[in-house]
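I opened this structure today and kept notes as I went. Here they are, in the order I looked things up.

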Amino acid sequence: MFPPSDHSRVVTRPMQAYPEQAARSREPKEAVKTLRELSKREAGLATELYLELKNKKHNTNTDLACHCAVKRSPQSDTLVGFKWPGKNPVIIQVHDKSNKYIGRGAFGYVYESSQLVIKHGRSWIVPEGDQYKRVMKIQEESDDAQTEVSFQLQQQGTLGAGIINGVRYLDQLRLPGETLKSFFQRPDWPLGEKFECAVAILECAQNYVVGDKLHPDLKPDNMIYDPAKKQAGFIDNAHVRDVHAPADIRPEGPRGTPWFIAPEQYSGMHMSQKSMVFSLGIILLNLFSNTPDHYEAARSRAVDGLQPELHPEKVLSGLAQTNEGFVRQFVSFLLEMVANDKELRPQMSVCLAQMTAFQSAFQVISTSENKIMQQNEQVNHLQKQLSLLKKKNAAMKLDHKSQEEIRRLTAEGDNKQRLLQETLLQQEQTLNDMKEAQKKELDGMMKEQNKALDKEKQRNRELQQQAVLLERRARNAESCQKHLSEKLQTMTVEVEQLTDEAKRMELNLDSHCRTVDELKGVVSEVENRKLEVEQARVKAEEKITKYELALECERNDHKKSMDRLREAVAQKKKLESEKVSEAEKVHELSCRLYENLYAPLASLKILASNRADVDKAEFAKKLPGILEAQQSYFVKIIYLNDLAKSIFCNETIDGAVKPYTHHSSFRPFSLYSRRQQVDFTDTQRMHLEAVVSEAKVLVEKMLNGNEECKRKVCQFLQEGFAARVQFTDVFTKDNGWVEPLMAATPGIAKYRFTPKQVAEFSQSRLCKEFNDGREGDPAKSKQLTGFMTSLEGMNETDAAKSLLKMLPGKAPVDKLVALEHEFLSILTRPNAYTRGEQGTAAWLAESMWEIVAGEKYIREDIDSPSATKMRHIALLRSGYAEALTSLKDRELTSPEVEVLSNSRLVRFSPAQYQHELQNFQNELLYTVTTLLESRQNFETYKDYLCQKYSAKFATV
């Protein structure tokens, strides 16, 4: 909606013409100074381009199109040529190789350029002179480019414009001055120059209005001001509207900038000079503030549907202390310009007159203040002399002077003091008179300006009254014309009705005559019809006989088809009975297969006990052999999961006593702390350790297998209970062996998620925040978003709370699910984090680490970690811990147990990433496991494990 505008200092001033002959002649008629002569290569290209355009002919005498051609060279600047009908070609050198672009627009770039001329018919030169200093705007062809070309051609300040291969070339004159935005950034810009700039801006806007032009995007970026000539100009003239040309190209949406756009221009795209007045009012309010570049005095909020944000107290705050009345009237005038109702805003001409008056008043105030300052300096000087004289008189000593000398000096001192006091009083009286005269002069000037303004307003009211009167007369004339038109239309209808009636009577007479003739023909047709009907009856009887014979044949065929259908139905029933028999056989074979597969597991479960009649070491001896006998990794995984679940939960078999029981009566008096509900026996720990060891051996084999094995092992490590169970009584604060083993396997990351999961996880609520801004380029510097930067400045608890507020849902389980999704999004977006390039010091540190630790400092592991990525994962874990605080004092529900048990974020171990994340304390798994195995949640947790990890051998 708001196209960027960076066409700095590129414009022809509105309503300003340039001599056409000087702009399009091949050779200058007067001698010009040479700024630079083109090289032979450049001159050759310029001559080729000139001859190419010279030989181009226009189709007809009415063809006014401007021909355009381009010559490019990798060693020199680009040459662009234009040729108008009946004129010599114009060659322009675009400095796109020797200089960088000076402006960048929505669809292209702007470069400095120079008009070339032939000197003495031999050499091409770049001449001196402002008229030869050009700029070339090169951009894609669009409606914006077309409207700007139309505007520039109307100003006659361009040497030409054309399209080559979909690229628009537009020549413009380069004007002196700088953008108003650069003046806004000058803290020492004198106030007097600000008034001069304001008058120049309003004069330029008045030129647009007088020329029936409306600029849709007025802002400091789009204004050029030349303080030497006290002239201003507007740039970015795309979609400048012509009041009298409604057929011009219109933009699809509103054009403007949010801080400066008028309300009616944004809401209804109604553009008028009052819209320009509003934008200029916003600019002037900020111009006369102490910090114009902060735009604190005024901003438009039409985009948000709100009133403008105004702070008039920031306008001329320093001058208000000495000239409150002047500042009050000036601010009131500027506030009228930014009224939300466009009818309350003054006309552009009134704004220019008022600003000119205020400039004159300020000059009077400035002159008077300078005079008052000079008088104050004189008074201060006299006061200092009087003070010195008094000190001299007091310092005289009686023993060095006679009494007469003392009296004489005293008299002289008194006379001088009296004279100085009289002079001081005269100066003060003169100062007061000057202040009074200044006040009277200022009041008189303001009264005259107010009278002129009142006359202008009275004239506007009279013009409005005249317009209303003319409009009323026009409505009356229109009403009379409408009445006469209706009367004429009524009479026309009546005449048409009479004419129709006469025609209808003539038609009736003709119709009667035709009817008589038709009746005669009908009689003959009836007789012929009777003969035809008799013949048709005979033919119909013949066809009926034929149809009856065909129907009999069809009935016989139908009977045969029904017999075949009955046979097919009987065959179908026979096949269905055979299918049921085969299904029963398949079920019987499945049951036998289930019994055969379950038999080894059942025998192991019998050995998984510490009863006196069972050898405790027999379980660990038989487990490897039984697993080795299985051909399928899937069956082995089911065995290990079922055994780990059965031993961990201490499940009973057929309602018998629990397999593992404590035999010592002194166990409650143990000196070390145990887990709350999972108090393993020694045998139980030994059996669990055997299952975990076999799981680790199985994982190492599968990690070295084919792609299918790696996918299955990733699924097992994520969902398998045997890969996560901890067989010790005392909790440890590490994450076991799974994460380090996977991290040591190169390329395992691509097997952890399916393409469907990657597509699901890659988009999350905060995916735009969780990245390092490098976009896959190690050479780029890290660029965090504003939100992540603010979190880094907080402590861990506040950062976690701020993160939770950004996530959807209110319940704690919703927050946990959202955190899990953000974690998986980080893992599945490969370009979200990129390790930066390393210097010599980093390389030496890697080498030392490889020598000491025996492994590379930076590994291509499952998550390709970087320091930023690790910090963001640590932040997610902090948020997870914060969300758990509301779950610790109550019993968990089944969905909450499921979410905590399956969380990858909880089991993620940064132990192998300590070089990216120093001093990381990984206590989240410890906290979650303690919560799940607590007295109030353990039964729910066991039910979930039994439900999830029950062996289903029938699906093997």
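Predicted model: local features only at pLDDT ≥ 70, side-chain atom pairs only at ≥ 80, totals over all residues.

**Cores.** I started with the largest nonpolar core, which has 89 residues, and found that Phe619 and Phe648 touch the most other members. For my notes, a nonpolar core is a set of buried Ala, Val, Leu, Ile, Met, Phe, Trp, Tyr and Cys residues joined through side-chain atoms within 4.5 Å. Buried means under 20% relative accessible area, exposed means over 50%, and partly exposed is in between (1.4 Å probe, protein chains only). Residues are numbered from 1 along each chain as its sequence is written, and side-chain values use heavy atoms, with hydrogens and water left out.

What is Phe619 in contact with, leaving aside its neighbours within four places in sequence? I listed Leu604, Leu607, Ala608, Leu643, Ile647, His687, Ala690 and Val691, with contact meaning heavy atoms within 4.5 Å.

**Rings.** Next I looked up aromatic pairs: rings of Phe, Tyr and Trp (its six-membered ring) with centres within 6.5 Å, called stacked with planes under 30 degrees apart, edge-to-face over 60 and tilted for the rest. The count comes to 23 aromatic pairs. I picked Phe195 and Phe288, a tilted pair at 4.7 Å centre to centre with 50° between the planes. They sit 93 residues apart, with Phe195 in helix 5 (residues 191-210) and Phe288 in the loop between helix 7 (273-287) and strand 16 (298-299). Helices here are DSSP runs (H or I, at least four residues), as are strands (E, at least two), numbered from the N terminus. Phe195 counts as buried because its relative accessible area is 0%, and Phe288 is buried too, at 2%.

Phe195 also forms a tilted pair with Phe330, at 5.4 Å centre to centre and 50° between the planes. That one links distant parts of the chain as well: Phe330 is in helix 8 (residues 324-337), 135 residues from Phe195. Both Phe195 and Phe330 are buried. I then saw that ring pairs link Phe195, Phe288, Phe326, Phe330, Phe333, Phe358 and Phe362 into a cluster.

**Gln206.** I stayed in helix 5 for Gln206. Is Gln206 buried or exposed? Gln206 is buried, because its relative accessible area is 17%. Not counting residues up to four places away in sequence, Gln206 touches Met348, Ser349 and Leu352.

**Helix 2.** I moved on to helix 2 (residues 40-54) and noted Glu42, Ala43, Leu45, Ala46, Leu49, Tyr50 and Leu53 as its buried residues. They are on the same side of helix 2, because they cover an arc of only 160° around the axis (taken from the directions from the helix axis to the C-beta atoms). On the other side, Lys40 and Arg41 are exposed. The buried residues pack against strand 1 (34-37), strand 2 (67-71), strand 3 (78-83), strand 4 (90-94) and strand 7 (123-127).

**Val32.** My last stop was Val32, in the loop between helix 1 (20-24) and strand 1. Val32 counts as partly exposed because its relative accessibility is 21%. Leaving aside neighbours within four places in sequence, Val32 is in contact with Lys119, Ile125, Pro127 and Tyr132.
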